[in-house]
Amino acid sequence: MKGITMIEFKNVSKVYDSNGVHALDKVSINIQKGEFVFIVGSSGAGKSTFLKLIMREEQPTSGTIVVNGMHLEKMPRRKVPYLRRTMGIVFQDFRLISKMTVYENVAFAMRCVGKKNDVIKKRVPYILELVGLGDKAKDHPSELSGGEQQRVSLARALVNNPALIIADEPTGNIDPEMSYEIIQLLSEINKRGTTVLVVTHEHELVKSFGKRVITIDDGRVVSDSDDERYVAI
Amino acid sequence: MSSFGYLIKEGFKNLFHNRLMTLASLGVLISCLVLTGSAVMLTVNVSNIVDSVGDNNSTKVFLDDNLTELEAVYKGKELKALDNIVDAQFVDKDDAIQAYREQLGEAVFANMTGDDNPLPYSFNVTMDDLSRYDETVNAIKGVSGVASVSSHREVAQKLASLSSFITTMSLWIILALAIISLFIISNTIRMTMFAHRFEISIMKSVGATNAFVRVPFIVEGVIIGLVSAAASVGILYLLSDGVINSVQSILNFRYTRFTEIIWPVAGAFCAAGVLVGALGSAVSISRSLKHEGNEILGW
């Protein structure tokens, strides 16, 4: 049965004006609400461009993109922040503000969208408990392990209750055991109804979770575990 | 704390993180405002002098140097006989030199006594109707033995043109300093934005609007403007009385003190400071927001 679409790419191509690189070539992908999808591919395959297009950091050269019901190729710049409020982003390098505590880093995401302090005071401790960092609220990022820092990054992505979590190589800077835990945590979040999109090149980790896997190579989708068109490849 | 309170606090923090550029911005903006205030004080006071001189219905009439004292005194009758003249007070050469001595110091005219006195006999002539000033001066000049008429209006006109020159010069200097202030504030804010590009990138990734990102930087510019305005009012308050007191010993008129115009000036300074601060910030923010923080994944 077909569900509600979260991300839809139709014949999307992206050529960078600055260097003429064809990053994506006629890519068509459909991701439903509530899905957990791994995007895999080697370095330079077009994974990052795919994410940049979803976040509207870049615009497609051709084709149409719909995210959470919003048409991105027609979206004016002033509406981009409202698109981004529907998604939470987890970065490979965590992107935590070193002078802020764990609590402040997570609260920062709420302040940026104009949430009131009493709402922040209730929500942040709850999210920190959810990612297993309830006792680290007053620590600074430098006092945490890589895995813990990534969990703070995940807490920040989750705190505004987004419909979609985008994780860009979330396990790239942490050890294998912690990597498994992070994906496990993302999987738990997915079970609560949030769509999760994880970009990675760690094939072993991907296999162990048995989720939908889309492989991008040289700017094209070369396999999709849920799409029968690619099963023969 | 509300979002607005948080943004104001961030604006204050930015000021301290960027101390050197903040001081440079303050310095230029304070110079600009102090100069503006000085020009205002000068214009107001020169205008007072001009009004006071122009309204004075007493005119000095100098007689030919070769007239004897008796002949000179007799000219008074002829002057009084003229239309529009109500009085003509004779001024003796010695009284005239004594008046100068009292004004400029005993040493200046020490040897100019008796035959060495270079001043001519003169009259202080009082007119009835100042609107007929030019016509009356022409009539006085027609009297034989009158060498010249010292018109206060000429002095007033000279002062007015000097005041106008100073005002014009000040306006150009103020304009130049205002542009420099804008440039320096704009650069201060740009440096702050560059230093905060990481935070801006995170802000944008979580969906902060450009307006939200802007507020702390606008606050920073506005604070620079307000502090400059307050400091400039303080400096003018301290300096103006001293300057007026020294000038008063030379030119004794009723001067307008800074305290008499302090509130309108303070209001105008605050408005100008806020405007320049906010404008300087806005210029750099709109330019920088196109670059800083727009790269989220490509950071």
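Predicted model: local features only at pLDDT ≥ 70, side-chain atom pairs only at ≥ 80, totals over all residues.
## The six-stranded sheet of chain A

Chain A holds an open sheet of six strands. Their order is β6-β7-β8-β3-β9-β10, and the pairing is mixed. The edges belong to β6 (87-90) and β10 (220-224) of chain A. Each has a single partner strand, so one side of each is left without a neighbour in the sheet. From one strand to the next, the twist averages 20°.

Take one pair inside this sheet. Strand β7 (residues 164-168) of chain A runs parallel to strand β8 (residues 195-200) of chain A, and five bridges join them. Leu164(A) has Thr195(A) of β8(A) opposite. Helix α5(A) packs on the sheet, where it touches β6 and β7 of chain A. The direction of α5(A) makes about 170° with that of β6(A).

## Helices α5 and α6 of chain A

Helix α5 (residues 146-158) of chain A also packs against helix α6 (residues 176-191) of chain A. Their axes are 10 Å apart, at an angle of about 20°. That angle is under 35 degrees, and α5(A) and α6(A) are therefore roughly parallel to each other. The crossing of α5(A) past α6(A) is right-handed.

Which residues of α5(A) and α6(A) make the contact? From α5(A) come Gly146(A), Gly147(A), Gln150(A), Arg151(A), Leu154(A) and Leu158(A). From α6(A) come Met178(A), Glu181(A), Ile182(A), Leu185(A) and Ile189(A). By class, this contact has six nonpolar, three polar and two charged residues.

## A covered helix: α3 of chain A

Helix α3 (residues 102-112) of chain A is mostly covered, with 10 of its 11 residues buried. Among them are Val102(A), Tyr103(A), Asn105(A), Phe108(A), Arg111(A) and Cys112(A). Just after α3(A) comes Gly114(A), which takes a positive phi of about 80°.

Helix α4 (residues 117-130) of chain A packs with α3(A) at an angle of about 125°, their axes 10 Å apart. The two helices, α3(A) and α4(A), are therefore oblique to each other. Their crossing is right-handed. On the α3(A) side, the contact uses Val102(A), Tyr103(A), Val106(A), Ala107(A), Met110(A) and Arg111(A). On the α4(A) side, it uses Ile120(A), Arg123(A), Val124(A), Ile127(A) and Leu128(A). By class, the contact of α3(A) with α4(A) has nine nonpolar, no polar and two charged residues.

## Arg95 of chain A

Arg95(A) sits in the loop between β6 and α3 of chain A. Is Arg95(A) buried or exposed? The cut-off for a buried residue is 20 or more other C-beta atoms within 10 Å. Arg95(A) has 21 C-beta neighbours inside 10 Å, so it counts as buried.

Asn105(A) lies 10 residues from Arg95(A) along the chain, and their C-alpha atoms are separated by 9.7 Å. Leaving aside neighbours within four places in sequence, Arg95(A) is in contact with Ser153(A) and with Ile202(B).

## Where chain A meets chain B

The contact takes 21 residues from chain A and 15 residues from chain B. On the chain A side, α1 (47-55), α2 (80-84) and α3 each supply at least two residues. The most come from α1(A), with four residues. The side of chain A that touches chain B divides into nine nonpolar, four polar and eight charged residues.

## Chain B

Chain B has nine helices and four strands. Along the sequence, the pattern is α-α-β-α-β-α-β-α-β-α-α-α-α. Of the 299 residues in chain B, 30% are buried. Among contacts in chain B with a separation of 6 or more, 87% join residues 24 or more positions apart.

Which strands pair with β1(B)? Strand β3 (residues 122-127) of chain B pairs with β1(B) in the antiparallel sense over five bridges. There, Ser58(B) stands opposite Thr126(B). Strand β4 (residues 146-150) of chain B also pairs with β1(B) in the antiparallel sense, over four bridges. In that pairing, Leu63(B) stands opposite Val146(B).

Notes: Residues numbered from 1 in each chain as written. Chains lettered and ligands numbered in written order. Axes fitted to C-alpha atoms, helices over the stretch in contact; angles between N-to-C directions. Parallel < 35°, antiparallel > 145°, perpendicular 65-115°, else oblique. Left-handed = near helix turned anticlockwise from the far one by under 90°. Contact = placed C-beta atoms within 7 Å. Nonpolar A, V, L, I, M, F, W, Y, C, P; charged D, E, K, R; others polar. Pairing = 2+ DSSP bridges. Buried ≥ 20, exposed ≤ 12 C-beta atoms within 10 Å, placed from the backbone.
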